[in-house]
Amino acid sequence: MRTWQVADVMTRDVATVGEDTPYRDVVDVLVRERVSGVPVVDAFHRVLGVVSEADLLHKVERSGHPDERRVFAGRRRRTAREKAGALVARDLMTAPAVTTHGRASLAATARLMDREAVKRLPVLDDLGRLAGIVTRGDLLRVHLRTDAEIREDVVHEVLRRVLSVRDGLVTVQVRGGEVTMDGRLDRRSAVDLAGRLAGQVAGVVAVHNAIGYDVDDTTLMELDPVHATPIA
């Protein structure tokens, strides 16, 4: 079963700047492209870092009010002071950049953004070159799928293709991205798997699994394999 990946939602036409791009030109790119950050790339289109609005705002914050230099200034204060005085992208950017690749799942990418506290990720190709950029908003696009599209994936990909469930055994309803499955299957393990796989379909908000089963085969799986009786 195919799940949506970063390549399905990323922006491929990415505005970039070079290491020597002046401060004012970086600001111009952000304003013109209506973005909050821009990758800094070298001549081979490899990502060196990212300049964000936060990086640029240090100069605005300290305009006319230079910090007093402290002997034991913290790292954050030192970084802010250095970026406030920076004139080109090389000295403004946050490096190394946190990146991802086109085959990454949306869930893994969302976790990476949260862990690294970033709003965007440059997407690299197999050679390490910039292939696109993905933002938090891009990840949310998966929830713009219609209920009909979601139901189609649950029925055809999960039930028919993966689990080989015959038509009529399970009914699927989708409303507002919430999937409700009802009916009956022979094994509990198949019921549980149907619920887990349905939850992985792009655009699903929640799964309500009301499918019944004839045999609880999960108890057999929990047996100690040393003492379990082999089944021919």
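Begin by selecting His58, which counts as buried because its relative accessibility is 18%, where buried means under 20% relative accessible area, exposed over 50% and partly exposed in between, with a 1.4 Å probe and protein chains only. The model is a predicted one, in which local features need pLDDT of at least 70 and side-chain atom pairs count only at pLDDT 80 or more, while totals for chains, interfaces and linings use all residues. Residues are numbered from 1 along each chain as its sequence is written, and side-chain values use heavy atoms, with hydrogens and water left out.

His58 lies in helix H3; helices (H or I, at least four residues) and strands (E, at least two) are DSSP runs numbered from the N terminus. Apart from neighbours within four places in sequence, His58 is in contact with Ala80, Lys83 and Ala84, contact meaning heavy atoms within 4.5 Å.

Next, select residues 23-33 and 53-61 to show helices H2 and H3, which pack at an angle of about 130° with their axes 11 Å apart. Axes here are lines fitted to C-alpha atoms, for helices over the stretch in contact, and angles run from 0 to 180 degrees between N-to-C directions.

Now move to the open sheet of three strands, ordered E6-E7-E8 with mixed pairing, where two strands pair if DSSP finds at least two bridges between them. Strands E6 (170-175) and E8 (206-215) stand at the edges with a single partner strand each, so one side of each has no neighbour in the sheet. From one strand to the next, the twist averages 10°. Select residues 178-187 for strand E7, which pairs with E8 in the parallel sense over nine bridges, and look for Val179, which stands opposite Val207 in E8.

Finally, keep H8 and H9 in view together: their axes come within 10 Å and cross at roughly 145°. At this contact, Val154, Val158, Leu159 and Val162 in H8 meet Ala194, Leu197 and Ala198 in H9.
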